[in-house]
Amino acid sequence: MLQKNLGIGREKIFINPQVIDTDTFKPVKKSHFTVVFAGRLSEDKGIETILDAIYHARLFGDGTKWVFLGSGEKKYETILGKISKKNPNVVWKGFVPTNE
């Protein structure tokens, strides 16, 4: 294919098969993280974009837990709550006093 489509001479083509010894190299279990957002919930912070990214990362097996602390406008909190329902890795704690 390289020869025909790109005009590369056979003498310049070398195939190096990459073989992995699965007795020596085993898949490593992913470690999972917890990410915490603490702050005022407001549209200008782009939290809905974060939630969308969390959803898509979860589809690829990312088990990161996301904890959101804070409060904001009730209308915005409602929007975020609806978006986050599809994300089982997201936990909303709401307002948490600074002494906790």
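Predicted model: local features only at pLDDT ≥ 70, side-chain atom pairs only at ≥ 80, totals over all residues.
Residues are numbered from 1 along each chain as its sequence is written, and side-chain values use heavy atoms, with hydrogens and water left out.

Helix 3. I took helices (H or I, at least four residues) and strands (E, at least two) as DSSP runs, numbered from the N terminus. I listed Tyr76, Leu80 and Ser84 as the buried residues of helix 3. Viewed down the helix axis, they fall within an arc of 70°, so they line one face of the helix. The arc is taken from the directions from the helix axis to the C-beta atoms.

Strands. I checked the pairing of strand 2 (residues 65–69) with strand 3 (residues 90–94): they run parallel and are joined by four bridges. Strands pair if DSSP finds at least two bridges between them. Leu69 has Gly94 in strand 3 as its bridge partner. With helix 3 (residues 74–84), strands 2 and 3 make a right-handed β-α-β unit. Right-handed means that, with the strands pointing away from the viewer, the path from the first strand over the helix to the second runs clockwise.

Rings. I found two aromatic pairs in the structure. Rings of Phe, Tyr and Trp (its six-membered ring) pair if their centres lie within 6.5 Å; planes under 30 degrees apart count as stacked, over 60 as edge-to-face, and the rest as tilted. Phe37 and Phe68 have ring centres 5.8 Å apart and planes at 40°, so I logged this pair as tilted. Phe37 is in strand 1 (residues 34–38) and Phe68 in strand 2, 31 residues apart. Phe68 is buried, at 1% relative accessible area. Phe68 also stacks with Trp92, at 4.6 Å centre to centre and 25° between the planes. Trp92 is in strand 3, so this pair ties together parts 24 residues apart in sequence. I recorded Trp92 as partly exposed, at 30%.

Ser84. The side chains of Ser84 and Trp92 are joined by a polar contact of 2.7 Å. A polar contact is a pair of N or O atoms within 3.5 Å; within protein, one must be able to donate a hydrogen and the other to accept it, and residues adjacent in sequence count only if both atoms are side-chain atoms.

Notes. Buried < 20%, exposed > 50% of the residue type's maximum accessible area, 1.4 Å probe, protein only.
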